[in-house]
Amino acid sequence: MDKAFLTVDNLNKRYADDAPPVFDKVSFSIDKGEFVCIIGHSGCGKTTILNVLAGLEAPSGGVVIMDQREVKGPSLDRGVVFQSHALMPWFSVLSNVVFAVRSRWPDWSRDKAEQHARRFIEMVGLKGAEHKKPSELSGGMKQRVGIARAFSIEPKMLLMDEPFGALDALTRGVVQDELLKICSATHQTVFMITHDVDEAILLADKIFLMSNGPHARIAEVVVNTMPKTRTRETMHHDPQFYRIRNHLVDFLVHRSRRIQEAGVEDAVTRVVTPGLEEDKLSQAVA
Amino acid sequence: MKPASQLGWRAALISLAIFGCLLLVWHLATAPKESARIEAGSASSSSAEDEYAKLMGKSSSSPVKTSGFPGLAQMGETMRKELANPFYDNGPNDKGIGIQLGYSLARVGLGFAIAALVAIPLGFLLGMSPLMQRALNPFIQILKPISPLAWMPLALYTIKDSSISGIFVIFICSVWPMLMNTAFGVASVRRDWLNVAKTLEVKPLRKAFLVILPAAAPTILTGMRISMGIAWLVIVAAEMLVGGTGIGYFVWNEWNNLSLTSVIFAILVIGVTGMVLDLVFARLQKLVTYTE
């Protein structure tokens, strides 16, 4: 635990003093190079947790420690991909990325920053669209620019808030592949919110499952037991895929509420490896 | 493409027709008196009228009517004369329309520019700080509805210069729309963009110029456009009051000369100039508008 790259300890957040906390006793850790997805029903505070990690929101209690330093306020060490892409419409694609690059390295020359930005635009497959305005791009392309912008500052950690939520299934697949490729090439540490169970299985090394809010917490950490070489095309032929998938869907359908009703006394985060340890799984279901 | 251009042509045709009708009505409204005079002339009273005309320094043979509402021909004559030599200067009471217009534009430009220099930074402050917004709101709400001309006596007394007082009045009337719109535009910049700037640790000045200013620019330009419209309305009234130079003074002076054709001509010039100013700001607005 001490060696973990990012440690979250006993985090909670309440929006009003007399209201119950949205989430409570949230503790987890993420290792360097790990890809973590977090799944939970709406209102369990996923986005708030991500905002706390980004430094955009302060928690009501608890600490976040990244790379041996407490997270207080936003930092260039953490890149954020926003749900609504959040590109500046008055900048071209290139300028959007250059804006981020020059924020990271203010003393770089315009040329150097542009070269650096172009490399990341190429990486997300948008070569040739550098001078287009975001309004001229499709939803998927906009989101890719957002990803390029987040990667271009070479953050120690990438935070993504449902980056593909607004995309259609086909585009989503293409951008997921793109992301997977980049992440495995750069060994990026990623924390990502998603609603899509398949997406989580494809991308994540670990999947955090949150119980319902209020009093939400991370009830289970599901270790992805599929081989690293999984791809979107072949993943669903592996019986292991369905074991994990069923486990996740069961959680969302049944257990997420039951855990909330059981209360906070049972605030233990179970580590689950579906398909490998059937006994633990059955214990969690019971 | 085709239906749109067709629509344009049809609209232009109707506009021309309306314009033609207006001219015709004008002509008919002013014409009958002339015929009446000609009838009177055929009667024996013509010699007395000729005499009177000679006394007044005018020849009776002149077909141009000198009293009553001017006709189209007189109007055309005045316009031709004024436009042929718009920049002549025969002393303080007789300057060409171009010079007068130049004075007015200079006053409006100066007052407007000073207003922009004050209103836009102040609007930024109001937009970014809810505290300042609340603190300054009562002042703004009370000062905003005051007719700019009501400031004139105070301005004349303290500044003691009619020309600068005119500029001050333009300043005071254009400052409010710009201030309100800038504050509103800055306050309603999308959270997402500010969050991006935050996570990128963008320095305040860089954030102001590269994120907030472009995001709020369309709203700010709207405020400037409204301000310019008001300034152009007010300058005519202000110049009528303080006199000396300017298009407003020109109107008043020609009224005192009972030269209605010149007054009508000046009105047209004021209208066209106002339209051009508005078009310029519409163009600027288009430049800074972004589509999301």
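I take a salt bridge to be a side-chain nitrogen of Lys or Arg within 4 Å of a carboxyl oxygen of Asp or Glu.

**Conventions.** I note that this is a predicted model, in which local features need pLDDT of at least 70 and side-chain atom pairs count only at pLDDT 80 or more, while totals for chains, interfaces and linings use all residues. Residues are numbered from 1 along each chain as its sequence is written, chains are lettered from A and ligands numbered from 1 in the order in which they are written, and side-chain values use heavy atoms, with hydrogens and water left out.

Entry 1: I looked up Glu178(A) and Lys181(A), whose side chains form a salt bridge at 3.6 Å, N to O. Both residues belong to helix H5 (residues 169-186) of chain A and are 3 residues apart, about one turn of the helix. Helices (H or I, at least four residues) and strands (E, at least two) are DSSP runs, numbered from the N terminus. For accessibility I use buried for under 20% relative accessible area, exposed for over 50% and partly exposed for in between (1.4 Å probe, protein chains only). Glu178(A) is buried at 12% relative accessibility, whereas Lys181(A) is exposed at 55%.

**Entry 2: a loop-to-loop pair.** I then examined Lys228(A) and Asp205(A), which meet in a salt bridge at 2.9 Å, N to O. Lys228(A) lies in the loop between strand E10 (218-223) and helix H7 (239-262) of chain A, and Asp205(A) in the loop between helix H6 (197-203) and strand E9 (206-210) of chain A, so the pair ties together parts that are 23 residues apart in sequence. Lys228(A) is exposed, at 64% relative accessible area; Asp205(A) is buried, at 15%.

Entry 3: I found a salt bridge between the side chains of Arg110(A) and Glu114(A) at 3.3 Å, N to O. The two residues sit in helix H3 (residues 110-123) of chain A, 4 residues apart, about one turn of the helix. Arg110(A) is partly exposed, at 39% relative accessibility. A network of salt bridges links Arg110(A), Glu114(A), Arg118(A) and Glu130(A). Over all chains, I record 23 salt bridges.

**Entry 4: strand E1.** I turned to strand E1 (residues 6-13) of chain A, where 6 of the 8 residues are buried, so the strand is largely enclosed by the rest of the structure. I count two strands as paired if DSSP finds at least two bridges between them. E1(A) pairs in the antiparallel sense with strand E2 (residues 23-30) of chain A over 5 bridges, and Val8(A) has Phe28(A) in E2(A) as its bridge partner. E1(A) also pairs in the antiparallel sense with strand E4 (residues 61-66) of chain A over 5 bridges; there, Asn12(A) stands opposite Gly61(A).
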